[in-house]
Amino acid sequence: MAPLSDDTTIKDGPSTDAPAALPGDGLREGIIDNLRSHIGEAIVDTKITPNDDLWIRVSTEAWLTAGQALKNAGFTYFCFLSGLDWMPSPYGTGEEDPDDEPKEPDTEIVQGYTGGETRFQVFARLTDLNRHVGVTIKADVPDDRLVMESWSHLFAGANWHERECHEMYGIGFDNHPDLRNMYLPGDFEGYPLRKDFPLLARMVKPWPGIVDVEPMPAEDEAESPVDDKGDES
Amino acid sequence: MTLTDRQQLSYIASQAADARLNVELETEGMTLNIGPQHPATHGTLRIICRLDGEQVVWAEPVAGYMHRGYEKLTEVRTFPQVTTLVNRIDWLGSFANEVPFILAAEKLMEIEAPPRAQVIRTILFELSRIANVSLFLGDLGVQMGAITPVFLAFRDREYILNLIEGATGGRFHPNFDRIGGLKDDLPKGWIEETRGAVKKLEQFCDTIDDLLFGNEIFQSRMRGIGIIPADIATDYGLSGANARASGIDWDLRRDQDIPLSYDLADWKVWTHPDGDSWARCWIRLQETRESCKIVTQLLDQIPAGPVMTKVPRIIKVPEGEAWVSTENPLGEMGYYVVSKGGLGPFRVKIRSASFNNISIVPWALKGVYVPDVITILASLYFILGDIDR
């Protein structure tokens with residue numbers, strides 16, 4: 001495993017041996033092991049892309065304790081927190097050719113990395129500024145009660161992000177000091193970032209399809225599997 | 001990280017203001033509404049301050065006057081079309097907004113731009129930073145009643161905007177970055193022009209250093225005001241110059257492995273231990289100088305070759321999730337891109353720097369005097385489009 005000590009002594013720009021100093025996956029596996037020693041079975045799934053990124057999914061109940069454990073483990077920098085709606089849009093992807101017959105909309109909910117069981121998930125990004133490593137932490141939001149524990153007392157910056165997530169997805173946050181709307185009027189109905197919230201501009205004027213594609217400089221040699229417009233509609 | 005004495009004093013002062021609010025709720029306070037249309041807010045940010053005499057006991061920024069819903073709009077656009085939208089997030093450094101999104105898409109497609117495109121990207125990225133921060137440096141004076149610096153800034157920023165226009169065709173919204181490279185190569189004579197313009201901007205930095213940072217009034221309005229300790233800064237997710245001014249030695253240009261050409265240049269990440277308004281402005285001044293250095297060095301190292309790698313004419317991004325963030329003029333700007341294998345993204349979470357940077361305002365304004373509200377807001381430096389997205 002790579003040493004966990006901090007390397008903040010590097011003051012200048014990247015030197016020639018910078019790639020060797022990059023944290024390896026040993027580092028990321030160590031982070032998961034460390035977290036597992038604190039919250040145990042609450043870690044549902046993990047994904048590592050070597051020398052690149054790390055995803056951890058924890059159970060709904062462990063959302064707050066996982067944040068606390070990561071903060072104690074050095075992930076003190078709060079990057080963002082937001083929600084995910086995995087339901088495919090009932091209005092289609094907006095990329096169908098309007099001249100074609102409308103397709104049956106896809107309704108199967110497929111979660112992304114680290115899986116999941118519910119339509120909504122919350123995810124947050126934390127960074128360790130000493131080891132220069134970040135982690136994306138996810139958790140399911142129960143379908144019957146769209147409420148999570150608030151992180152706002154753990155990371156002060158989560159306050160605004162949770163307000164945004166609440167008004168855009170309708171996910172509530174227990175113990176949040178002030179879940180007012182951030183952008184929308186107080187009496188706004190609906191949750192705009194949910195997939196079943198229609199984007200009216202696209203409803204009244206559908207996309208004309210791919211009619212104007214800019215020629216690429218390397219186009220002549222490009223081997224394109226989707227070059228035929230017929231595949232797209 | 002140990003706090004300096006000055007930081008501790010400010011911390012205690014804000015705690016005391018907190019206590020006073022609790023104890024003396026009955027005293028007759030006054031609510032002062034700053035904005036939404038106020039010169040010091042660079043747009044339409046409204047700040048509600050509750051005052052006790054001359055001191056702010058409670059402050060609340062009200063954002064949302066410019067919310068354009070880009071996260072929703074990206075879901076009905078193709079990947080190449082998204083750059084047009086994200087150009088308008090931080091409109092003073094537009095090119096820099098495109099880069100992390102394009103890098104995220106390239107990461108999902110497992111392609112990389114050719115070396116020539118990477119170097120030109122880095123140069124344009126740094127030119128956006130210079131254009132953005134030079135306006136900040138000029139605008140600083142206006143907050144305190146000094147008119148001259150802003151005229152200098154608008155004059156000298158034009159040299160950089162002309163270069164960006166020369167290379168990309170757009171002064172403010174270049175829309176020049178493409179998945180797999182760049183739209184075009186640099187025009188003839190652009191490199192020599194850039195060398196000259198960067199020299200002018202270096203002189204501009206010296207002038208501002210002399211005119212503003214050496215000014216006694218400026219120093220007394222900025223020094224020791226609005227101190228943000230490092231632990232508070234990380235808690236709120238402050239990034240960029242605001243974090244480095246609090247002594248956090250962290251710069252995404254240096255501290256992550258990213259396909260941009262910063263390792264080709266010799267430059268320095270500046271930090272300041274004080275965490276006050278002056279430190280935040282001083283860091284930005286030094287960073288503009290460093291950006292000039294990076295651009296000058298990279299101009300000599302543009303490799304030959306294509307500016308575009310082989311990509312299909314109609315781009316489909318494979319299924320997956322990717323997070324890429326870069327050190328933008330305002331701080332860490334990143335995109336969390338979820339693709340379902342279609343023409344457009346399934347979900348894009350836009351993490352903009354100003355949103356986090358301005359969320360600290362209720363904390364930072366607690367206990368300060370009314371005139372300092374303006375300088376603290378100015379030194380935190382936000383762009384409205386970057387808060388609301």
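Predicted model: local features only at pLDDT ≥ 70, side-chain atom pairs only at ≥ 80, totals over all residues.
Helix α14 of chain B, residues 370-380, is mostly covered, with eight of its 11 residues buried. By buried I mean that 20 or more other C-beta atoms lie within 10 Å of the residue's own; exposed means 12 or fewer, partly exposed lies in between, and the C-beta atoms are placed from the backbone. Helices (H or I, at least four residues) and strands (E, at least two) are DSSP runs, numbered from the N terminus.

Residues are numbered from 1 along each chain as its sequence is written, and chains are lettered from A and ligands numbered from 1 in the order in which they are written.

To return to α14(B), its buried residues are B:D372, B:V373, B:T375, B:I376, B:L377, B:A378, B:S379 and B:L380. Just after this helix comes B:Y381, with a positive phi of about 55 degrees. B:Y381 sits in the loop between α14 and α15 (384-388) of chain B. Is B:Y381 buried or exposed? B:Y381 is buried, because 26 other C-beta atoms lie within 10 Å.

Most residues other than glycine have a negative phi. B:N175 belongs to the loop between α6 (148-168) and β6 (177-178) of chain B. With 19 other C-beta atoms within 10 Å, B:N175 counts as partly exposed.

Now to chain B as a whole. Chain B holds 15 helices and 10 strands, and 57% of its 389 residues count as buried. Its radius of gyration is 21 Å, which agrees with the value near 21 Å for a compact globule of 389 residues; the radius is taken over C-alpha atoms, and the globule rule is 2.2 Å times the number of residues to the power 0.38. Along the principal axes, the C-alpha atoms of chain B fill a box of roughly 70 × 45 × 40 Å. Among its contacts between residues at least 6 apart in sequence, 73% join residues at least 24 apart, a contact being two C-beta atoms, placed from the backbone, within 7 Å.

I turn to chain A. Here five strands form an open sheet in the order β1-β2-β5-β4-β3, with mixed pairing; two strands pair if DSSP finds at least two bridges between them. Its edge strands, each pairing on one side only, are β1 (43-49) and β3 (77-85). From one strand to the next, the twist averages 20 degrees. Angles run from 0 to 180 degrees between N-to-C directions, with axes fitted to C-alpha atoms, for helices over the stretch in contact.

Helix α2 of chain A (residues 25-39) packs on the sheet and touches β1, β2 and β5, at about 170 degrees to β1(A). Helix α3 of chain A (residues 63-72) lies across β2, β4 (120-128) and β5, at about 170 degrees to β5(A).

Which residues of α3(A) are buried? They are A:W63, A:A66, A:G67 and A:L70. Seen down the helix axis, these buried residues fall within an arc of 100 degrees, so they line one face of α3(A); the arc is that of the directions from the axis to the C-beta atoms. They pack against α2, β2, β4, β5 and β6 (147-149) of chain A.
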